[in-house]
Structure formats: structure tokens, C-alpha cells
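Okay, thanks for coming, everyone.

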Amino acid sequence: MLQMFKTVNVDWLKHRAWLIGLSVALMLAGLGSAIVRQATGHQPFNLGVDFKGGTVITVKFKQRPTDDAIRTALTSQSVRDAIVQPVTDKNDTVLIKLPLEGETSSVDAGRDQVRKALNNFGTEAQPNFELEADPSAAYKIVGTDAVGAVAGAQLRNKAIAVTLAALVGILVYIAMRFEWTYGAAAVIAVFHDVLITLGFFSAFQWEVSLTVIAALLTLVGFSVNDTIVVFDRIRENRKLNRRDSLYKITNDSINQTLSRTVIANGLVFLSVLALVLFGGDVLRAFSLALFIGVIFGTYSSIAVASPIMVWWEQRIDAANRAATLAYNRPTKSGVQSAVKTSARGAVASHAAKGSPGAGRA
Amino acid sequence: MKKKNLLQRTIIIVVVTVLGTYAVIGPRRKPTLKDFTWSGIKSTLRDNIHLGLDLKGGSHLVMRVKTDDYLKELTTSDTVAAENAAKEAGIEVKQTKTDATPGNYRVTVEIADPSKVTEARDAIQKKLDLNDTSMWTYAASGGQLTWTMTAAAQRLLAQNATDQALNIIESRINALGITEPTLQTHGAQNSHQILLQMPGVQDPERVKMLLRGQSKLELVHVVGPPSPAPSTTYSSEEEAKASLGGTVPTNRRVLPYKERVERTGNTTDQKNQDKPTRWVVVEAPAIIDGTQLRTATAVNSRGGRSEQYEINFSLKKDGAEKFGAWTGSHINEYMGVVLNSEVQSIAFIKSQIFDSGMIEGSYTKQSAEDLALVLRSGALPAQIEYLEERTVGPSLGADSIRAGVRASLVGLSLVIFFMLIYYRGSGVNAVVALVLNMILMLAGLIIFGATLTLPGIAGIILTIGMAVDSNVLIFERIREELHTGKTIPSAVDHGFDRAFVTIIDTHVTTIVSSLFLFVFGTGPIRGFAVSLVIGLLVNLFSAVYVSRTIFMWELSRKRKVESLSI
């Protein structure tokens, strides 16, 4: 049979300082990019109209004029600050972006002015005709997105709130099925993935639109999925090999699931690569977010979630052991007895979840 | 026992597959043979799957009802009414005041004689609905009476205004004959937003104008000497006010009067220029207002011989009686037709008029029809403003579908190719499970009447990823079990059982977070959550139940299993 890995025996946790260091460095780089941009008077993120407000008009031409010609025509109709952006994978289509005017919350698509400007190049196709079906027409407005300031802020806040709510849901479920330390580690790992992906968006100034939020949500699902596979193995191995330390069990579990990780995530990676290459401009931002997300979602299960979980569990263990010692010795102060009771609580909760390995190691 | 189990499983799978496939490609009527040709299936598929506006093309409008304006107007008119009520009861009013800032609406009436406060309160509350303590908080100090609108009342009234606006917009949309519009309240309850989606509408300008159209119609008495003297008009607002002695008393209004000329086409044409605005003084309150309107229709001004249109209207029974009585006692005087606080036409009353009238002016056919429609649907309680407008042309939507489908297919074929090479015979299991997953997922979307959007396609792509992952988890686990020296049937059993725990955990976690997205998310995010949840539920069936049944079937064919293609 074809097999990628015969037996793998890598001590992943030995390298945790390096791995977490790399993650922190990447997060800081992304954060740095956002802060530097903010400080130099730029926008930290290239927010699309969905979140910033403004208008995007998509125009399809039979013969596309040069960007400068379009800009000149727009200026002659006193449409100022317009950004003319050709669509990379369709050379007959242009996006005209207009900023939000003033502080008004209401939108006016600015269609009429743009239309007047474009009439310099010929007439627009009839409303219910495709451009090709109208021989006398030179262009057609095929799409408009106009979002007012209020709606923009609303969409932005909602997207953030919903993502956080989803993370809390994940935390609670994993805490129920595993331990709350596992849940926290998984959520920190997902948070890390989202932050790094956003860092890339800030550094390269890719546009953040509603579809990017959909991609981030996809990535949250993917990353948690990947982390749970490893955690599930750890839970199983702890029941089977009660004498082994959590450190060894975690390493073994990562190694045992490695072939699955490489195959399954490799396939998802290939699909996302297909999306980047063939998905076209409409899906470009979405595909890029997923592309980065898949890489870091895989990475974070091994390099972020597992070390954090091990570190946390070991701390709890140490506290438990200290508490047990304190319990056996005669207590001298109230402080010790406080430690004792809280640590006992922790032991009790571990025992209740049926993972007795926690108290041993 | 095991044989029976296998038979039962096979029957369930076949039934589900057949039903699912029919849900996807079968028509929602009695099928004919033609429905099962390639083009027949394609057209049924188009009917069955509800595409979102981003894929199908259409207009998406989010509007907000300016409820603050509504409450302000309400408070202002209550102040006027309170003053009138006090005066009618013979109480001298020193001054009145209206506070109307967002969150704070108050009517203040100050009377000259503080000893008459109770009398004034009773007189005012008898006439007005200010005595409802859940709506207004009453307070008095000295000669000053105040009514403050409670927070609950503000919420309730604003909500009512939004609901009313929604109904009116609905009747306007229906009158326009737009197919399959979606109209609903949007966002948080106190945001007073309305979402309108119109599939297939590419240029929503006319709809936008029409929805925003104000239609406050009033018939008023124009102050001035009776006919044959011409109606009294003034060349400026100041002049009109001066005729009233400088200040406008509460029973008079000064309104602009513009003979309406519709600007059609060339605006530089001299004939198309508006005539200068004149001003008239009219009596307040109006004789009749728009609530008494029964119908309004656009008619050609000269019986079809011109391009000009005007609007005929008729009144309801109660309004007609009131109007008839009033016109009967005011023959030879002037009345005005006021639309949105602008006098449209002034007519001299020749004889008693009961139930019909006319808004003159030169309208184009479309603007006259639109105005008639707006009048018929009733007045909006408050103005609306547009917060969000999106239009997607059908070609742009089709491009998105093509890009999404192409990318999904490339991804899917890569996956299938790899699974067949790497897992050989068992790879077939995975492919069958994957294809079944796609079919049943579409069936689920169709059965639940869910809408497929661009983020929805993203959900499908994540589902493909998780479906493959389930298979890989199971297969890798079976291989591991084989390595430990287990027999093939036992390895398969163990592999499925162990992997199942993981699969349940990954799926439930994702479903839990998707439920949050569905409950709290807006349109596009919801579309993502819906297709993901359906896809994952289906996957538990296809990747675990179906795949395991195929293994069971394979193993049951041989008496002694010596090899497994995995």
C-alpha cells in the first residue's frame, strides 16, 4: 500500500519555544503593520464598502477605455476621488469606487453621475438586455454596491460579535467534552489563526469584504476541526497509557495523527489552491484568506494548541501535587487551606470527566 | 443477524439516495419523460434551487424609517391641539413649547392663571389622548403643564410607525408588480430598518423614488375674498405673513404654491422652466386629509390628445359627507389641493362637491401613475432613508456561480483522484460517500427552502473538506489497527468506532458555532451557516453510515477475508 509515513517519532513539544516564538513574531508583524499604517495616517485595513461605506459600481464595456480616460470622464462630471480599478481576470470590466460623501448615513449610489460620465464612451445597454444583445450600446452597469456609514458600522460590529459568539460556543462545547484547558487552548489557537490571517490582509492591503468574513468563519471551523482531531487522540491515549506523561502522550498523538493531518489538510489545501487559481476575482479575497488560514490552521494545532494545553495541564498538575503535599502536612496558615480546597476541586472535576491521567504524570 | 442488519442498512441507503436525488433533479409537479433529459434536468435544477440575489441578480435595499421625525411631528401636533383645547375651554394660554430631541419628547403649555391648572389639564386631556399614563407622564408646576412621552411609548410608537411603513411599502411594491419580492424588518428591533430584496430588478432608481414618495394629501380652505375676485396669492413668504400681522396664528398656515410643470427631457427648454413660486394663506386644520382618500387614478388631461396627465381622486363616504357639507357652505370661495405641504392647485367652488377632486398640473404618464399609486397606498408615517443598496446584474451573478462551481469541481476532482490512488479500493468508498454527500446536501438545501449564496458555496467547500477528512480519519485508523495485527473485520470495526468519536466531536463543534452564526448573523453569514450545517449533518450519514455499509458488504462477500484494499 501507498503510505506517507511509516512510523514518525518527532519530539514536537521540544521545539515549542521556537514554534510559539514564530507565531508570536508573525502576530506582532501583522499588528505592527496595522499600527504603523494607523500611525502614518493610513487605514490599518483596506476595508471594502461593506464595512467602510461608499459605492462600488461594476461596469462592463464592449471596448474598454483606458483607466485615465474613464477618470477624466468622471472628473468632468464632478465625480471626485473615484478609484478606477480594472478586474484582473476580465479585461472588459472595471470597478469604479466612490467614497462615502460627508457624514450622511443615507446612500445615493451616484449611479446617475457615473452614467453621465460613461455616456462619453457611448450609450448604456437597455435595462433588461445583456450588453452583447444590444448592438448600439457601449457599456452596461452590471452591479452596484452602496453602503451608508450606519449600515457599514452595523455590518462590521455584527461580524465581530458573531465571530466571538461562535468562538464562545466552541469553547463551551470542547470544555464539556474534554477539559476547559483543552477548550481554551483550541480557542487561543483559532484566535491566533484569525489574527495572523488578518495580519496578512493588513500587510498586503488586500480588501476586507463580507466574503472575507465568511472565509474567516470557514477557517475557524477548519482550525478547530484540526485541533480536535489531535486532542481526541490525546484523550484516547491517556485512557490507554495511564503511566505515560502528558508530554509523551501529546507527542505520540501528534505523530499518530500526522499522516491524517498531512493527507486531509493537504487535500483541503489543494482545493483552496484551485480556488485561488480558478475562482476568479469575485472569490479572490475569500480564497486568499482561506489559503493562509489552512496553512496556519494546520500549524496551530501542533505548534500552538497542543503546547498551550500541555503547559496548562502541567501547571494544574503541579498545583494539585502541591495541594496534596500540603494536605498531608499539618497546615499552618489559612492560605494553604485555601489552595488545598481549590486544588481538590480541580482534581474532582478531572475525575468526573474520566481522565485520571491528570493527577499522575 | 448480521446479514439482516446489512440488508436493513442497504434499504435505508437506497431509499434515502433515491429520494434525495429526486428532490434535486425531480420537478415539483407530475414528472414527464422530458424532465429526465439533460436540458430538462438543468431547467428543473434552476427551479428547485433558490439562488440568493448575489448569484441570481437583483436589487437589495436596506432602508430606515426616520422614527425620530415621526415622534417629533406627533409631539408638535399634540402641542398645537393642546393649545386649541385650552383656548376652547376659555383658558388663556401664555405660551406653548415642544421639546423633540431623540429620546426626549415633551409638550409644555403655560397658562396665565395658575389656579386653573386642574381645569386646563381636564380640558386638554378630554380632547387629547394625553391622559394615558403608560404613554405620557403628566407634571405641573405653577401655571406650567407638561406631558412627557414615556420611553415605552416612544418604543411602541416608533415600532408602530415602522410596521405601518412596512405595510405601505408592501402595497406599493405589489402595485408595481415586482415578482417575488422579499420584504421584512431588518437588524435589531430598535433600529427600525426594512430590508427589500427584488430578484431580477437591475435598476432600482424608480422603485427607490416611489418608496420614498411622500403622499400627504390635504384639501384646504384658501383664505381670501370670495369669487369673482381672483384667489389671493403673495410673491414672498414674508408678504404672506405680513398679511396676517407678522406672526402666523395656529389656525393659519402659509404654504408655497407652485404651478407644477414636469421637467421632461431637455431642461434648457424655456417652456419647461418652472413658474415662480407664489405663496398663499390657508386655514388650519385641513378640511379633509389623505386618510379619507378612496381611490386615485392618473388620467390624460385632454382626453388623450396631449402628453400631459393629472390625477383624479375620490373620497370615502365619511370624508365625502364632510367635504360636501363644507363645500355647500363655501360656494364661490377658494379651496386648495395640498400635497406634502405644497399647494398643487387652487380651485374655485362653483357648487357643492361631494366625493371627487383633481390634482392638476402637468405630469408625465409615469410620474402621474406613480403619484396616484403613492396616494392610494396611503401616507408613510415618516420619511425613509436608504442605508444600503446593492444591485447585481444577472451576468455578474452567473460569473460568480461559474467561478464557484469551477473551483469546487477542480477541488473535488483533485480529491477524488488522490483518494483513488492512495486508498485504492477503499478510495471508491470515499468517492461514493463524497458524491452522495453533495447530492444529499443539495437535497437538504432544497427541502428546507434555503437560499444558496456565494458564502453558501464557501460552506459547501468547507463541507467537502470535512467530508474528505472524515474518510481519511477512518481509513488511517483502519490502517493503524491493521498494523497492530488485528484481523481485517476487527480492524474495520475498531477503525470506524474510534474515528467516529473524533468525527462526532469535530462535527458537533462546527455545528454549534454555525448555529451561533445562523441565529445572530445577517444574510450572507446565515447562508454560510445553513449550507454548512446541512452539509455536516448529511456527512455523518454519508461518510460514516454509508461508507461503513460498503465495507460490511465487501467483507460479507467472502467467507474468510484475507486482504483489504486500503
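Before anything else, a word on strands: two of them pair when DSSP finds at least two bridges between them. Helices (H or I, at least four residues) and strands (E, at least two) are DSSP runs, numbered from the N terminus. What you're looking at is a predicted model, where local features need pLDDT of at least 70, side-chain atom pairs count only at pLDDT 80 or more, and totals for chains, interfaces and linings use all residues. Residues are numbered from 1 along each chain as its sequence is written, and chains are lettered from A and ligands numbered from 1 in the order in which they are written.

Within β18(B), B:Glu388 is the residue facing A:Val147.

Now the rest of that interface. Calling two residues in contact if their C-beta atoms, placed from the backbone, lie within 7 Å, we get 58 residues of chain B touching 61 of chain A. On the chain B side, β18 (384-392), α11 (394-447), α12 (454-483), α13 (488-520) and α14 (523-557) each give at least two residues.

On to domains, with bounds from an automatic or database domain assignment. Chain A splits into domain 1 (12-39 + 152-320) and domain 2 (54-147), with C-alpha centres 40 Å apart. Chain B gets domain 1 (2-57 + 393-557), domain 2 (67-154) and domain 3 (216-262 + 276-358). There, the C-alpha centres of domains 2 and 3 are 30 Å apart.

Back in chain A, have a look at helices α6 (residues 180-204) and α7 (residues 210-240): they pack at about 140°, axes 9 Å apart. Axes are lines fitted to C-alpha atoms, for helices over the stretch in contact, and angles run from 0 to 180 degrees between N-to-C directions. Residues meeting there include A:Ala186 and A:Val190 from α6(A), and A:Leu219 and A:Phe231 from α7(A). That contact has 11 nonpolar, three polar and one charged residues.

Last one: β3 (residues 83-86) and β4 (residues 93-98) of chain A pair antiparallel over four bridges.

Methods:
Nonpolar A, V, L, I, M, F, W, Y, C, P; charged D, E, K, R; others polar.
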